[in-house]
Amino acid sequence: MQRGPQPADFADVRATNLAVVLRYVRGNAPCSRAEIAAATGLNKATVSSLVADLIDRRLLRETGLTEHRIGRPATMLMLDGSPYAAIGIEVNADYLTAVAVDLAGTQVLSWRRSFAGLGASPAQAATAIAALGRRAVNRVVKDGRRVLGLTVGVPGLVDSAGVVTLAPNLGWRDVNLRGALIRALGDPDFPVGVDNDANLAVLAESRYGAHAGTRNLVYLTGEVGIGAGIIVDGRLLRGHRGFPGEIGHITIDPGGPACRCGRRGCLEAVAGIAAIVSRVIPEATSDGELTDLQPEIDEVVRRARAADPAALQALTEVGHGLGQGVSIVADLLDPEVIVLGGYFVPLAPWLLPAVETELASRRIAPDLGGPQVSASILDHGAAATGGAATVLDHVDEGHLPTP
Ligand SMILES: [Zn+2]
């Protein structure tokens, strides 16, 4: 017996087609209904009905623009940014960032807060992160927007359920951050996600960065830890357990400084930001808890600009250590671009020459070229921006807000 399509199938097809139209407009706005029909293969009546639905949901709007060509001028469509916002939060050992973007990806909120990640218990930290999330949600709602979702980036191993399995620089093991956030946000009607910070940052870089659209791209977080977010052939590398890119604990110097993971000479113990600060400003070595490192980084930049010989020497040595890590990434993944993010950005003028020297000297076939290494233009919000971008991706995949 042949069964016809069931109502659920029709609903699925419609949701899929709504997402097809939404994605087309995201990539091609302003565009007309006729263009959408021609490009997607959907018939014009279907496109008109889908567009009407998307306008009802306030995801699309008509612009005053018309396209002048033979025949009737067409009404043009674009994404409606105003009614919605997607929120991303980035957790670091020394600060938190919150970003909100509208449906079109335009930033509508950007906050940075000091945060004593290591000084707090996981429960206290989750409370602080949730409080920032709640404030961001309240602000967005107060501005008349609906929240599409919230994604938090954490410097550690995060499983698919949003449990932080291990985050050495936060002192966390098996912390159910997603569960804590959902409770603290009062079981919200929007999706809440937790992901690795480097994964989110490379997604932001591939969407909004100077090398957007690069199909083989690596982003190195330059925070207290160093993690790699990896896009291979246009897709985020997730690995078998979801934990790739833990380059911060690759051994660079077996006799090197102690790392928070318990071993010695890891990349982040040699070239992480705390290592840079303690080398350039030995007198600033704190014995208390780690606080926002921005003032110390400003001081490192000031000394480097003043051509302080000890500072320049330390930055060159750190740059060589970082270059060894970058060379491993280059040999293993053959990316087109390796982007340095976070605190590496303001230090890039002094780190990059040594990184490039190291990369060139380790290249197996120098005449065949190698990856370009550059500093991110996204500043410290990259993982938070990437968190918001994953929320938009979820909508683009067909998980549309109800009208
Ligand atoms: Zn380590």
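Predicted model: local features only at pLDDT ≥ 70, side-chain atom pairs only at ≥ 80, totals over all residues.

Biologist: How is the packing of two helices described?

Modeller: Two packed helices are described by the angle between their axes and the distance between those axes. Helices here are DSSP runs of H or I with at least four residues, strands are runs of E with at least two, and both are numbered from the N terminus. Axes are lines fitted to C-alpha atoms, for helices over the stretch in contact, with angles from 0 to 180 degrees between N-to-C directions. In this model the axes of α9 (residues 294-305) and α11 (residues 344-362) come within 10 Å and cross at roughly 30 degrees.

Biologist: Are α9 and α11 roughly parallel or roughly antiparallel to each other?

Modeller: Angles under 35 degrees count as roughly parallel, over 145 as roughly antiparallel, 65 to 115 as roughly perpendicular and the rest as oblique. The helices α9 and α11 are therefore roughly parallel to each other. Where they meet, with contact meaning heavy atoms within 4.5 Å, I297, V300, V301, A304 and R305 in α9 touch P346, L347 and W350 in α11. By class, this contact has 7 nonpolar, no polar and 1 charged residues. In that count Ala, Val, Leu, Ile, Met, Phe, Trp, Tyr, Cys and Pro are nonpolar, Asp, Glu, Lys and Arg are charged, and the others, Gly among them, are polar.

Biologist: At what angle do the axes of α8 and α9 cross?

Modeller: The axes of α8 (residues 273-280) and α9 come within 10 Å and cross at roughly 55 degrees, which makes α8 oblique to α9. Here I273, I276, V277 and V280 in α8 meet E296, I297, V300 and R303 in α9, and the residues of this contact divide into 6 nonpolar, no polar and 2 charged.

Biologist: How many cavities are there?

Modeller: Rolling a probe the size of a water molecule over the atoms shows where empty space is left. On a 1 Å grid over the protein atoms alone, a cavity is a set of points where a 1.4 Å probe fits but cannot get out, and lining residues have an atom within 4 Å of a point. Grid points are joined across faces, edges and corners, and a volume is the space filled by probe spheres set on the points. The count comes to 3 cavities of 30 Å³ or more, and about 180 Å³ of space lies in the largest cavity. Of the 18 residues that line the largest cavity, the closest to its centre are P155, N169, G225, I226 and E268.

Biologist: Which backbone details deserve a look?

Modeller: The peptide bond from A29 to P30 is cis, with omega near -5 degrees, and P30 is found in the loop between α1 (7-28) and β1 (31-32). In strand β10 (residues 172-176) lies D174, which has a positive phi of about 50 degrees although it is not a glycine.

Definitions and conventions
Residues numbered from 1 in each chain as written. Heavy atoms only, no water. 1 Å grid on protein atoms, 1.4 Å probe; cavity = no way out; pocket = protein on both sides within 12 Å on 5 of 7 lines; lining within 4 Å.
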